[in-house]
Structure formats: structure tokens, C-alpha cells
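Hello,

Here is the structure we discussed handing over. My notes on salt bridges and on the ligand site follow below it.

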Amino acid sequence: MSLMQTAIDTLAKNDRGGFTIPTEGLYPYQWNWDSAFIALGIATYDMDRAWAEITSLLEGQWPDGMIPSIIFRSDDPSYFPGPSRWGKTPGPIPSTGVSQPPVLATVVRQLTQTGTAQNQARKAQVFDRIFAWHAWYHSARTADGIVATVHPWETGRDNCPEWNIGLDQMTVAPDLAPYKRMDNKHVDPSFRPSQEQYDKYLTIVQFGDSIDWNQRRLTDEGPFLMADPNIHFVLLRADKDLLAMAQELGKPASVLDDIKGWIVKGEAATDYLWNDDLGAFTARDIRSGTFSGGFSNCSALCFYADTGTPEQRRRVISNLERIAGKVDYMLPSWDPDAAQFEAQRYWCGPVWPQMNYMTSLGLAEQGEAGLAKNIRDDLCRAIEKSGFWECFNPLTGEGCVGANFSWTAAVWLSWQHETKLKGVA
Ligand code: GLC
């Protein structure tokens with residue numbers, strides 16, 4: 001069977017009727033940014049079903065505009081922490097109490113690119129909801145003028161060593177309710193976050209529940225407060241895409257002005273995340289100002305967001321070139337020259353499909369065709385060698401963590417379909 005067909009079958013197998021789970025067993029619910037990437041892949045063969053992926057995600061939006069990282073339409077005992085651990089969340093469907101990188105506006109813009117009446121109607125159908133989500137990031141999730149994150153899970157890069165700076169400043173709640181992890185029952189525990197990290201993740205959840213998920217208080221008073229280049233660059237690009245859609249829809253000047261203000265704020269935050277010692281954009285603890293010490297697989301998303309000075313971009317490229325000399329498969333999630341690099345442990349080293357997708361797209365758009373092609377081709381080689389895994393060992397191309405993974409299939413389909421990736425042969 002062709003890989004193309006296997007990819008389509010993988011998405012069909014993970015389809016739960018209007019929404020798609022990342023993979024059976026390990027992740028039995030709808031995840032936020034997964035669904036956005038999944039929609040891109042499904043759109044290559046079934047636009048109506050792709051659109052349903054987006055509208056079903058929006059069904060979980062909270063009254064304050066937040067779109068949660070996971071929507072719990074059921075309570076699956078094989079997953080922890082499920083709905084009961086998150087407590088009473090205010091959305092229309094039980095959910096987590098944190099968000100995820102807001103890639104949705106960019107995907108919607110891409111899916112509705114041509115100016116047909118149907119595309120205009122689709123954009124109009126979701127615009128206000130996505131606008132409300134971005135407004136939430138720019139208010140409830142902003143601290144000291146910087147879009148922040150309150151939980152490593154919100155960044156989508158759960159146990160990346162960048163978060164240790166924030167986690168090291170926290171203590172595990174002395175009254176942390178006992179629990180039984182399920183993630184390490186489905187896959188090799190050596191791929192997964194450590195026990196101490198898990199206790200801290202749950203300490204933040206317990207805090208959020210204790211303040212009834214008041215998001216302003218969670219940002220101001222929560223145990224963890226960092227700035228994440230992934231959320232930052234994804235949001236900045238998404239704000240730019242949202243502005244383009246607002247203009248196409250003829251939205252009032254006040255809406256355009258709000259979005260323009262967010263973009264100005266975002267451009268300033270790019271500098272805030274610039275770690276000059278490393279020549280890279282890295283995470284930063286907002287309370288102490290401390291930078292993390294490694295190049296991650298979101299460090300080069302300045303191209304995707306079309307931000308950063310020429311000098312910053314030059315130094316990012318030279319870091320990419322250095323790292324390319326250390327691994328067989330780009331782009332590792334953590335710097336192979338930094339402490340805590342582990343080729344198989346989740347966000348401490350493995351290559352992640354959706355990150356290669358965004359990085360490669362950004363590089364191609366900004367005239368870095370060669371690097372863009374390498375980052376795309378390396379992921380394709382890993383998929384051809386091992387299949388549609390959640391992530392891949394950057395030294396060997398072996399698959400890690402979950403198999404039959406939806407966003408990996410979706411990225412593959414999108415690349416196969418697309419000849420438009422500017423600058424990539
Ligand atoms: C893991 C990843 C996160 C993803 C989720 C479902 O938690 O770190 O980015 O959304 O799995 O695939």
C-alpha cells in the first residue's frame with residue numbers, strides 16, 4: 001500500500017465522528033493544535049471533513065475566548081489527567097484549563113485561500129471565535145506586556161528542558177492529590193517525562209482548579225510563568241493571518257486596529273525572547289528574566305512569523321547549520337550540544353512533524369530554500385523509514401512514543417499535495 005493511502009487510513013482510523021484523536025490509547029480525545037494540523041492534511045482529499053475538524057474544535061471554546069488544549073467529550077479511564085482531575089471548567093464541554101499554540105487562524109486562512117463565496121462564508125463563520133481566542137491570549141494570558149504561558153502543556157512542548165527554569169522555581173504542592181499516571185502504561189516510560197516533572201505539572205493543575213480556572217489569576221498568581229517562542233511565533237503569524245482575513249471580510253476599523261496593536265506588541269516580544277549569548281530565540285522565565293540555554297525546534301520559527309532582525313536571522317541560520325552537522329534527521333527538539341539532550345525522550349531531542357512543517361514553511365517563504373528543503377526531506381525520510389510516528393529519533397530516524405499518529409499523516413499528505421511551498425523544489 002502506498003504511504004499516501006496509509007496516511008489517509010491513519011486519519012480515518014483516528015476519526016471519532018467530526019473530530020480526530022491524535023492516536024488510539026495514548027491520546028483518546030480532541031487536541032487543539034493537533035486538530036489544526038489534521039485539518040490541513042484532510043483538506044487534501046475532503047474539504048468538508050477538514051472544515052468539521054475546525055468547527056468541532058471551536059465547540060469547546062470557553063466564554064472568555066480561550067480554546068482549551070484538550071476537549072473531553074467522554075471520560076476515558078485509559079487517560080490521565082482526564083476531566084475529573086481538571087475539575088469544573090467553565091466551557092460548554094469538559095476540558096483542560098490551559099490552551100495550546102494558536103495555529104488555527106493560519107490554517108483557516110490557508111484552507112479558505114481562494115476567494116470563492118463558500119470560502120468567504122467559512123471565514124466569516126469562524127472569524128469572531130478565533131478573534132476572541134487571540135484577544136484572550138493578549139489579555140488574560142499576558143504578563144508585563146508579554147504573552148505568557150502558565151503550564152508546559154500549554155506550549156505543546158511538554159517536557160522540553162526549556163521549562164526546567166520555571167519548574168525548578170516551583171515546589172510540588174504538599175497536598176498534591178494522589179494519582180496514577182497512564183501515559184507510561186501505553187509507551188516505553190523512558191520516552192516520557194520524569195515523575196518529578198509530572199508532580200509539578202499536576203501541582204499547576206491543582207492550583208488552577210483551586211481558583212476555579214480564573215485565567216487572569218492563573219497568569220498572575222500561578223506557580224509557573226514563562227514566555228514561549230513557540231506560542232509567541234505561532235501567535236504572531238496567526239495575528240498576521242487574522243488581520244488579512246479581517247480585511248478580506250471587511251471588518252470594522254476597531255477590529256483591524258486591535259489586531260494591528262497585537263502585531264506591534266508581538267514584534268516587540270520577539271526581542272524579549274532573543275538570547276544574545278546563544279544567538280537564538282529561547283524561552284524565558286518572566287519573573288526572573290532568565291533565558292533557557294538551548295536551541296529548540298521552535299527557535300527558528302522567526303521565519304514562519306516573519307520577524308527578527310537580519311542579524312538575528314543570520315545567527316539562527318548558523319545555529320541550524322551547526323545542528324545539521326550533529327544529527328542525521330533535522331530538526332531535533334533540543335540542542336544536541338546542550339545539557340539534557342536525549343534523542344528518544346519526547347521534547348528533549350526527537351524530531352516533531354508539525355515543527356518541521358512550520359519551520360520549513362517559514363524558511364521557504366523567507367528565501368532559505370535549501371534549509372527548508374532539508375528540514376522537509378529529513379522528516380519525509382524518517383517517515384519512509386519508520387512510519388507515521390508521533391516523533392522521531394534525530395540520530396537514527398526511528399519512531400518514538402505513539403504510532404499511527406494523525407498529525408504526522410496530515411503533514412505528510414499536505415506536503416505530498418502541495419507544490420506551492422514557495423522556494424522549495
Ligand atoms: C503531547 C504533545 C502535544 C500534543 C499532544 C497530542 O502532549 O506534547 O504537543 O498536542 O501530545 O498529540
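Salt bridges

The structure holds 28 salt bridges. Please keep in mind that this is a predicted model. In general, side chains of opposite charge can pair when their charged atoms come close. One of the salt bridges is formed by Arg-237 and Glu-365, with 2.8 Å between the closest N and O atoms. This pair links distant parts of the chain, as 128 residues separate the two partners. Arg-237 belongs to helix H11 (residues 229-248), while Glu-365 belongs to helix H14 (residues 353-365).

Ligand site

The ligand has 13 residues around it, and those that come nearest are Asp-34, Gly-156, Asp-158, Tyr-346 and Trp-347. By class, the shell around the ligand divides into eight nonpolar, two polar and three charged residues.

Side-chain contacts to oxygen atoms of the ligand include these:

- Asp-34: a polar side-chain atom lies 2.6 Å from a ligand oxygen.
- Trp-33: an N or O atom of the side chain is 3.1 Å from a ligand oxygen.
- Tyr-27: a polar side-chain atom lies 3.3 Å from a ligand oxygen.

How much of the ligand's accessible area does the protein cover? On its own the ligand has 310 Å² of accessible area, and the protein covers 96% of that. As for the site itself, the space that the ligand takes up is the largest cavity.

Regards

Key
Residues are numbered from 1 along each chain as its sequence is written. This is a predicted model: local features need pLDDT of at least 70, side-chain atom pairs count only at pLDDT 80 or more; totals for chains, interfaces and linings use all residues. Side-chain values use heavy atoms; hydrogens and water are left out. A residue is near a molecule or strand if one of its heavy atoms lies within 4 Å of it. A polar contact is a pair of N or O atoms within 3.5 Å; within protein, one must be able to donate a hydrogen and the other to accept it, and residues adjacent in sequence count only if both atoms are side-chain atoms. Accessible areas come from the Shrake-Rupley method with a 1.4 Å probe; for residues, only the protein chains shown count as cover. On a 1 Å grid over the protein atoms alone, a cavity is a set of points where a 1.4 Å probe fits but cannot get out, and a pocket is an open set with protein on both sides within 12 Å along at least five of seven lines; lining residues have an atom within 4 Å of a point. A molecule sits in a cavity or pocket if more than half of its atoms lie within 2 Å of its grid points. Ala, Val, Leu, Ile, Met, Phe, Trp, Tyr, Cys and Pro count as nonpolar, Asp, Glu, Lys and Arg as charged, and the others, Gly among them, as polar. A salt bridge is a side-chain nitrogen of Lys or Arg within 4 Å of a carboxyl oxygen of Asp or Glu. Helices (H or I, at least four residues) and strands (E, at least two) are DSSP runs, numbered from the N terminus.
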